[in-house]
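Let's take a walk through a protein chain together. Keep the 3D view open and turn it as you read.

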Amino acid sequence: MPEDLRGQEVRQERAPPELKACHAFLDAGDTLVVPSLDRYGRSLQDLINMVAELRERGIGFTSLHENLDTTTPGGRLVFHVFAALAEFIRELIVIGTNEGLAAARDLLPDPGCSITSIAKLLGVSPDTLYNHIPDLKELRTGTAPRHLEAPTR
């Protein structure tokens, strides 16, 4: 099997069963309508591959939120632009999340900062910090280093 088809097969194997069933149900001449691009695929490559597969089968694709229809050349162009923008926004969110976690790690050694105050400063819940910073899991078991504990008053 050619390399590019193997990758597509692997992605389709990981697709939710409902999506697989939906694709299997569609016939040439049908149009798949989705609420938005980000609800249909998780990455630009997934979106492009799935819409290309639909097109090869003679199936149209319409996204309601982005108001695009890939049965026309202009619609295909807009699809690629919106798909690229959706991936860009997801990447910005990941970068922001990682920067926030890095800021939390920088604040943890400060004995004047509690987990609750750091979480409030970053606009997240303390549970979010506990779930994403491995050292904080020790706090829940009582084995954390003293500098990570909440200051006493």
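Start with the sheet: three strands make it up, it is open, their order is 1-2-3, and the pairing is mixed. Strands here are DSSP runs of type E with at least two residues, helices are runs of H or I with at least four, and both are numbered from the N terminus. Two strands count as paired if DSSP finds at least two bridges between them. Strand 1 and strand 3 sit at the edges, each pairing on one side only. Before going on, note that this is a predicted model, where local features need pLDDT of at least 70 and side-chain atom pairs count only at pLDDT 80 or more, while totals for chains, interfaces and linings use all residues. Residues are numbered from 1 along each chain as its sequence is written, and side-chain values use heavy atoms, with hydrogens and water left out.

Now look at how the strands pair. Strand 1 and strand 2 run in the parallel sense, joined over four bridges, and Leu32 has Phe61 in strand 2 as its bridge partner. Strand 2 and strand 3 (residues 68-69) pair in the antiparallel sense instead, over two bridges, with Thr62 opposite Asp69 in strand 3. These two strands form a hairpin with four residues between them, and in the turn Asn67 has a positive phi of about 50°.

Which way do the side chains point? In a regular strand they alternate between the two faces of the sheet. You can see this in strand 2 (residues 60-63): Gly60 and Thr62 point one way, Phe61 and Ser63 the other, and all are buried. Buried means under 20% relative accessible area, exposed means over 50%, and partly exposed is in between (1.4 Å probe, protein chains only). Strand 1 has a covered face with Leu32 and Val34, and an uncovered one with Thr31 and Val33.

Zoom out for a moment. The chain has eight helices and three strands, following the pattern α-α-β-α-α-β-β-α-α-α-α along the sequence. Of its 153 residues, 29% are buried.

What is packed inside? In soluble globular proteins, nonpolar side chains tend to be buried together. A nonpolar core is a set of buried Ala, Val, Leu, Ile, Met, Phe, Trp, Tyr and Cys residues joined through side-chain atoms within 4.5 Å. The largest one here has 17 residues, and Leu32, Leu37, Tyr40, Leu47, Leu54, Phe61 and Phe79 have the most contacts inside it. Strand 1 (31-34), helix 3 (37-40), helix 4 (44-56) and helix 5 (73-107) each give two or more residues to this core, and helix 4 gives the most, with five.

Click on Phe61 next. Not counting residues up to four places away in sequence, Phe61 touches several residues, among them Leu32, Leu37, Tyr40, Val51, Leu54 and Phe79; contact means heavy atoms within 4.5 Å. There is also a second, separate core of 11 residues, which includes Leu101, Leu108, Leu129 and Tyr130.

Leaving aside neighbours within four places in sequence, His23 is in contact with Leu32, Tyr40, Met50, Glu53, Leu54 and Arg57. For a contrast, find Ala102 in helix 5, which counts as partly exposed because its relative accessibility is 35%.

Last stop: a pocket. On a 1 Å grid over the protein atoms alone, a pocket is an open set of points where a 1.4 Å probe fits, with protein on both sides within 12 Å along at least five of seven lines; lining residues have an atom within 4 Å of a point. The second largest pocket holds about 200 Å³ of space, its volume being the space filled by probe spheres set on the points, which are joined across faces, edges and corners. Its lining includes Ser36, Asp38, His65, Phe82 and Arg90. Helix 5 gives the most to this lining, with five residues.
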